[in-house]
Amino acid sequence: MTAPAPLPPQDAALVARRALPLLDLTDLSDACTAAAVAELCGKARASGVAAVCVWPRFVADSVRALEGSGVRVATVINFPEGGEDAERAVADTSASLAGGADEIDLVLPYHALMRGDAETARGMVAAVRAACAGRLLKVILETGRLKEPDLIARASRLSLDAGADFIKTSTGKTPVSATPAAAESMLNVIRARGDRSAGLKVSGGLRRVEDAGAYLALADRIMGPDWASPNTFRIGASALHADLVRALEAAP
């Protein structure tokens with residue numbers, strides 16, 4: 001996408017104040033360590049983000065580090081490949097919930113959907129939904145692979161029909177991650193359903209306060225200015241956090 005134009009400091013600070021509580025502060029790097037997760041949780045505590053998103057092996061440590069903070073712990077399942085083993089996805093979900101995870105970010109078996117096998121994709125979402133026992137379920141569509149707006153919309157409807165609380169753009173592990181076009185397709189599905197409690201998470205490639213501002217403006221245009229909250233709109237990012245903090249520090 002074309003990079004949004006830089007914002008004046010006062011406008012950047014307004015976006016940052018709005019975006020920071022919506023952030024899922026994330027470390028899903030292959031080289032992630034316990035020390036890196038501890039640092040991530042410290043940043044999350046200090047800045048009041050919505051959640052941290054970490055590998056399943058770091059869930060219990062994150063829960064302990066964030067106790068009493070109000071920051072939620074999310075983890076990823078079937079990540080990043082979007083495989084088709086529903087039994088394993090359910091087992092991994094149950095183990096993560098036992099470790100204290102508040103939220104599950106599940107990669108849709110998007111390869112199955114792309115070859116016309118919607119039932120495999122729907123079945124995994126439904127099975128993980130049943131295993132979540134009331135916890136928040138976000139389904140990652142991997143929109144950069146799906147590409148076409150009609151397929152993105154189909155994946156969005158399928159996921160929400162099968163029980164997703166949120167639909168999420170991307171893993172951040174593909175050459176194309178979140179795009180405004182994909183987010184618009186997903187928001188249009190949410191609006192068409194008439195269920196304002198369904199949520200959108202944009203993730204992958206957001207690094208600047210202007211990026212956050214562009215997606216917030218899109219959500220405001222389609223869903224209305226009072227819709228985006230931590231219950232309905234999340235931004236999955238790691239590099240973005242530093243730019244949001246800088247914007248607040250530079251505010252006049």
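Axes here are lines fitted to C-alpha atoms, for helices over the stretch in contact, and angles run from 0 to 180 degrees between N-to-C directions. Helices (H or I, at least four residues) and strands (E, at least two) are DSSP runs, numbered from the N terminus. This is a predicted model, in which local features need pLDDT of at least 70 and side-chain atom pairs count only at pLDDT 80 or more, while totals for chains, interfaces and linings use all residues. Residues are numbered from 1 along each chain as its sequence is written, and side-chain values use heavy atoms, with hydrogens and water left out.

Let us start with two helices. The axes of helix α9 (residues 180-193) and α10 come within 10 Å and cross at roughly 30°. That makes α9 roughly parallel to α10 (angles under 35 degrees count as roughly parallel, over 145 as roughly antiparallel, 65 to 115 as roughly perpendicular and the rest as oblique).

On the α10 side, Val-209, Glu-210 and Ala-212 make the contact, and on the α11 side Leu-240, Asp-243, Leu-244 and Ala-247 do.

Now follow the chain to strand β8. Strand β7 (residues 199-203) pairs with β8 in the parallel sense over 4 bridges (two strands pair if DSSP finds at least two bridges between them). From β7 the chain crosses through helix α10 (residues 209-223) to β8, in a β-α-β crossover that is right-handed: with the strands pointing away from the viewer, the path from the first strand over the helix to the second runs clockwise. Strand β1 (residues 23-27) also pairs with β8 in the parallel sense, over 3 bridges, and Leu-25 has Ala-237 of β8 as its bridge partner.

How many residues of β8 (residues 233-237) are buried? The count is 5 of its 5 residues, where buried means under 20% relative accessible area, exposed over 50% and partly exposed in between (1.4 Å probe, protein chains only). In a regular strand the side chains alternate between the two faces of the sheet. In β8, Phe-233, Ile-235 and Ala-237 lie on one side and Arg-234 and Gly-236 on the other, and both faces are covered.

Conventions:
Contact means heavy atoms within 4.5 Å.
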